[in-house]
Amino acid sequence: MQSYRLCPLCSERQGGGALGFEVVTGRECFICAGMMDMVGRMARAAAKTAKRYQFRTFSVGVSVPEGVQEREDELRSNLKLKGNETIKTQAARLVAGDVSKALSRSVDRQRPDLALLVDFGAGEVSATSRPLFYYGRYTKPAGVSQRRELCRDCGGGGCKKCRNTGFELKPSVEGLLRKKLAGFSGSDKMTFSWLGSEDRESRVSSPGRPFVADVKSPKKRKFPKTFGVRFRGGTVSVSSGRMLPAKPVRLPSFRFATKIRGTAASKVSAESLAELGARFRRAEVRFDRPHNRPTTKTVYRASATARGRTLFVDAELDGGLPVKRFVSGELVSPSVSEVLKTEVVCRSFDICGVRETGKFEFAEITRIQKKD
Ligand SMILES: [Zn+2]
Ligand SMILES: [Zn+2]
């Protein structure tokens with residue numbers, strides 16, 4: 001029974017000399033057959049891989065060659081040894097210790113910036129960095145759409161016209177931010193969430209519309225608070241940038257101020273314009289959302305002036321109430337058209353302010369807090 005031949009580390013793990021194992025060099029070890037001799041080398045490889053990333057905390061996971069774990073289990077069951085550290089945990093602990101010393105970074109098993117996987121069988125190290133959730137607010141001039149649009153020629157497959165990108169080459173906030181954030185993070189794998197949207201021809205002015213970029217596998221984790229992206233039609237600027245603590249499961253509710261230019265079917269009297277202001281003072285409007293249950297939104301204020309049949313409306317609305325429908329009355333009641341008793345068509349609208357009225361919700365954080 002006591003005739004197992006083990007390397008120093010594998011012997012130490014079973015409780016050491018007291019059990020009278022014959023201590024041999026790594027390759028002759030019954031359990032690891034030399035795997036533990038690789039610890040130093042794999043730790044150096046792990047540190048080299050980790051250096052390609054910016055991170056404060058890391059974790060180490062280990063996979064061992066086939067049979068190793070089974071042989072340790074067999075030995076322990078034969079000798080009735082239980083509850084000791086396993087070969088995987090020991091190897092991971094030793095590698096983590098070396099990496100920590102070499103790079104002056106600390107281990108966090110729950111939520112590391114960087115997860116290193118050391119494969120002792122293949123002699124390889126791979127790394128996964130925790131995604132980043134960058135919050136910012138953008139402003140934009142007229143003439144740039146919010147989202148990238150799929151190429152009209154190939155529908156996203158990639159062709160000559162879109163230079164194989166699958167997207168229209170016209171500038172978009174998404175396309176411009178994507179390029180810039182890829183530069184900051186060293187990764188172009190990202191998705192965007194927006195607090196509302198506007199038209200290509202809408203200007204969005206300060207303090208801008210909030211968005212969240214979900215950046216996968218970032219190499220770098222520090223983005224600036226403010227930056228601008230110039231393009232032929234002007235500049236898309238980002239301000240209030242910060243990292244969210246985790247993936248948001250719900251975006252905050254918000255309200256926004258807008259300046260609308262519309263055309264009325266017939267001339268509107270001064271009394272009707274005054275009526276508009278009186279009617280939309282914290283007024284509830286019903287919105288029969290297409291493919292969804294009807295909802296109620298608030299119009300906080302509206303005021304209008306007219307020049308001939310051209311109308312200028314200043315309004316503040318709940319997020320999710322479409323400006324054009326609020327003007328025309330299509331699926332929305334009451335609307336500008338309804339109150340003015342004439343058909344009004346929205347020609348353009350600018351976004352002058354977006355204000356969050358709720359908070360981000362994070363599932364991951366709730367889980368972490370529950371554990372404590
Ligand atoms: Zn061994
Ligand atoms: Zn194309």
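What spacing do the donors of the zinc ion (ligand 2) follow along the chain? They follow C-x2-C-x4-C-x2-C. This is a predicted model, where local features need pLDDT of at least 70, side-chain atom pairs count only at pLDDT 80 or more, and totals for chains, interfaces and linings use all residues. Residues are numbered from 1 along each chain as its sequence is written, chains are lettered from A and ligands numbered from 1 in the order in which they are written, and side-chain values use heavy atoms, with hydrogens and water left out.

**Domains**

- The protein chain splits into domain 1 (5-129), domain 2 (132-248) and domain 3 (254-356), with bounds that come from an automatic or database domain assignment.
- Taken over C-alpha atoms, the centres of domain 1 and domain 3 are 65 Å apart.

**Zinc ion (ligand 2)**

- Its protein donors are C151 (SG), C154 (SG), C159 (SG) and C162 (SG), 2.3 Å from the ion; donors here are N, O and S atoms within 2.8 Å of the metal (3.2 Å for Na, K and Ca), and water is not among the atoms, so sites may look incomplete.
- The four donor atoms subtend angles of 102 to 114°, which makes the arrangement tetrahedral (four donors with all angles between 85 and 135 degrees).
- C154 is partly exposed, at a relative accessible area of 24%; buried means under 20%, exposed over 50%, and partly exposed in between (1.4 Å probe, protein chains only).

**Zinc ion (ligand 1)**

- Here the protein donors are C7 (SG), C10 (SG), C29 (SG) and C32 (SG), lying 2.2 to 2.4 Å from the ion.
- Along the chain the spacing reads C-x2-C-x18-C-x2-C.
- C7 sits in the loop between β1 (5-6) and α1 (8-13), and C29 in the loop between β2 (22-23) and α2 (39-50), so the pair ties together parts that are 22 residues apart in sequence.
- C7 and C29 are both buried.

**Strands and sheets**

- Strands (E, at least two residues) and helices (H or I, at least four) are DSSP runs, numbered from the N terminus, and two strands pair if DSSP finds at least two bridges between them.
- An open sheet of four strands runs in the order β4-β3-β5-β6, with mixed pairing.
- Its edge strands, β4 (106-107) and β6 (124-129), each pair on one side only.
- Six bridges link β3 (residues 57-63) and β5 (residues 114-119) in the parallel sense, and F58 has L114 in β5 as its bridge partner.
- β7 (residues 132-140) runs antiparallel to β11 (residues 234-243), joined by five bridges; Y135 stands opposite R242 in β11.
- β10 (residues 227-231) also pairs with β11 in the antiparallel sense, over five bridges, and the two form a hairpin with two residues between them.
- R230 stands opposite T235 in β11.

**Nonpolar cores**

- A nonpolar core is a set of buried Ala, Val, Leu, Ile, Met, Phe, Trp, Tyr and Cys residues joined through side-chain atoms within 4.5 Å.
- In the largest one, with 54 residues, L177, L181, F211 and F280 touch the most other members.
- Domain 2 (132-248) and domain 3 (254-356) both give residues to this core, so it lies between them.
- Apart from it lies another core of 39 residues, among them Y4, F58, V68 and A96.
- Leaving out residues up to four places away in sequence, F211 touches residues including Y134, Y135, L177, F192, W194 and V238 (contact means heavy atoms within 4.5 Å).

Conventions:
Tetrahedral: all angles 85-135°; square planar, octahedral: opposite > 155°, others 65-115°.
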